[in-house]
Every structure is written in C-alpha cells, then in structure tokens.
Amino acid sequence: GEDVEQSLFLSVREGDSSVINCTYTDSSSTYLYWYKQEPGAGLQLLTYIFSNMDMKQDQRLTVLLNKKDKHLSLRIADTQTGDSAIYFCAESNNAGNMLTFGGGTRLMVKP
Amino acid sequence: GAGVSQSPSNKVTEKGKDVELRCDPISGHTALYWYRQRLGQGLEFLIYFQGNSAPDKSGLPSDRFSAERTGESVSTLTIQRTQQEDSAVYLCASSLRAGNRNSPLHFGNGTRLTVT
C-alpha cells in the first residue's frame, strides 16, 4: 500500500531557509500536497504539485519533485517565527479522491 | 460560517461509553472525509462520503466506528464502547468535489477525544 515518510523534526534560525523532505511509495500518485498545521488547528493547504512537474514556486515556498526517486521537498525561504508548525506531505491516489499523509515534520524557528 | 465546523472541540469520556462527533462541511461541498490523528502522528483515513454514493468505509478500524451523512450536509462519527486507544484528534475535511485538483481539502479544527 501507499506509504509516506517524513523526518520528525527540523530546527532553523529566523531568516534562514528551511527544507522539509518527504518520500512516498505510490508511483501512480497524481498530485502531491503540502499542508501546515498550527497548534490546536486543522490542516491548511499550502501548495500542491502535479506529478508531471518537477518544480513549483509560490512566493516564499518552493516545491521540488523527483519522481524517479519518489522524493518531494518543501523549501521555505526567509523562514519566520510564524512558520513554526507541523508540515504534512500527502499524496493522492490515481482517482484523486484519497490522500495518504506522512507523519508530519515539526518545524521550529528560533529568533 | 466560511469554514468546516466541528463540535465539540474537546470531549472527555469514560471507557465503555458511546460518543458522537459532529462535522458541518462548507456549504456546497459534496465530498466529506473523517481522519484520526493520534498524538504526534500523521493522519489516518477513516471514512469518505461523496455526494449520494455509498461511503468508502475502508479506513474504519473496527465495527465500533460508524459514520453517517445527511445528504450533502452534516456528518456524525459515532464511536461505541470507547476504548483508551480511541483517544485522538478526529479531523473532518470537505472538498467541492473529490478528484478535482482545484478542489483541495478544507479541514476543521478537530475534536480532541480523551477516553479515561
């Protein structure tokens, strides 16, 4: 079955770039997503990438997809304390109606 | 409201009791999902409704778990004879239509269930 893996924790200093990595196993995934979860809140969609793309940029966010290695990353430029949260990577199935989530990476931004 | 609303936000119950969790999706969203998030872990799919089709119950962990949805509106997740391992945050999400990349999942803030 599908499996999505992420590292548990990342700590960076304010102003530095953060890179959060994710690996997945389902080669038929059509879309891959990054969600952000702040304490006590639900998940907020940050960005997504279609599987035929290898890069997508959206303001401070850059998503890189290596389909051969099934590796997805999220780069946050000029990381701010407000970026501290848990970041979840998710892949969709072929029909696009089911998401499988990774365990989440807790990003801590130090001032 | 503009977002997905879940109630209660917190629920403490004794082992063996039944609980009902409620989700109000965004108006007009035909797809509704329930996920479970255990402490420090990712999201575990439970059940999915799409319009009037039969729900996908493949993620329900046991027959103590059930969910209903009235048309394309409110959904309730029921856990019977709760066990301590049921303690988790239960998240509901809705989308305009499943399978549409321009229709991302919108999540509620969850119900934190604690079984003592």
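Trainee: Buried means under 20% relative accessible area, exposed over 50%, and partly exposed in between (1.4 Å probe, protein chains only). Which of these does Asp78(A) count as?

Mentor: Partly exposed, because its relative accessibility is 40%. Before you go on, this is a predicted model: local features need pLDDT of at least 70, side-chain atom pairs count only at pLDDT 80 or more, and totals for chains, interfaces and linings use all residues. Residues are numbered from 1 along each chain as its sequence is written, chains are lettered from A and ligands numbered from 1 in the order in which they are written, and side-chain values use heavy atoms, without hydrogens or water.

Trainee: OK. Where does Asp78(A) sit?

Mentor: In the loop between strand 8 and strand 9 of chain A. Strands (E, at least two residues) and helices (H or I, at least four) are DSSP runs, numbered from the N terminus.

Trainee: What is the phi of Asp78(A) near?

Mentor: Near 50°, a positive value in a residue other than glycine. Most residues other than glycine have a negative phi, and most peptide bonds are trans.

Trainee: And Arg81(B), what is its phi near?

Mentor: Near 45°, again positive in a residue other than glycine. Arg81(B) is in the loop between strand 7 and strand 8 (88–95) of chain B. Arg81(B) counts as partly exposed because its relative accessible area is 42%.

Trainee: Peptide bonds next. Is the one from Ser7(B) to Pro8(B) cis or trans?

Mentor: Cis, with omega near -10°. Pro8(B) is in the loop between strand 1 and strand 2 (10–13) of chain B.

Trainee: What does Ser7(B) bridge to in strand 3 of chain B?

Mentor: Arg22(B) is its bridge partner there. For Ser5(B), the partner in strand 3 is Asp24(B). Strand 1 and strand 3 (residues 19–24) of chain B pair in the antiparallel sense over three bridges. Two strands pair if DSSP finds at least two bridges between them.

Trainee: In what order do the strands of that open sheet run in chain B?

Mentor: 1-3-7-6, four strands with antiparallel pairing. Strand 1 (5–7) and strand 6 (65–69) of chain B are the edges, each pairing on one side only. Neighbouring strands of this sheet are turned by 15° against each other on average, direction ignored. The axes are lines fitted to C-alpha atoms, for helices over the stretch in contact; angles run from 0 to 180 degrees between N-to-C directions.

Trainee: How many bridges join strand 3 to strand 7 of chain B?

Mentor: Five, and the two strands run antiparallel. Leu21(B) has Leu77(B) as its bridge partner in strand 7.

Trainee: Which side chains of strand 3 of chain B are buried?

Mentor: Val19(B), Leu21(B) and Cys23(B), which point to one face.

Trainee: Over to chain A. Which residues make the covered face of strand 3 (residues 18–24) there?

Mentor: Ser18(A), Ile20(A), Cys22(A) and Tyr24(A). Val19(A), Asn21(A) and Thr23(A) make the uncovered face.

Trainee: What pairs with strand 3 of chain A?

Mentor: Strand 1 (residues 4–6) of chain A pairs with it in the antiparallel sense over three bridges. Val4(A) has Tyr24(A) as its bridge partner. Strand 8 (residues 71–76) of chain A also pairs antiparallel with strand 3, over six bridges. Ser18(A) has Ile76(A) as its partner in strand 8.

Trainee: Is Cys89(A) buried or exposed?

Mentor: Buried, because its relative accessible area is 0%. Cys89(A) lies in strand 9 (residues 85–92) of chain A. Cys89(A) and Arg13(A) are 76 residues apart in sequence and 22 Å apart in space, C-alpha to C-alpha.

Trainee: How confident is the prediction in pLDDT for each chain?

Mentor: pLDDT is the predictor's confidence in each residue, from 0 to 100. Chain A averages 90, with 97% of the residues scoring at least 70. Chain B averages 91, with 95% of the residues scoring at least 70.

Trainee: Which element of chain A has the lowest mean pLDDT?

Mentor: Strand 10 (residues 99–101), at 88; strand 2 of chain A has the highest, at 97. In chain B, strand 9 (residues 106–107) is lowest at a mean of 90, and strand 7 (residues 75–79) is highest at 98. Where pLDDT is low, the predicted coordinates should not be read in detail.
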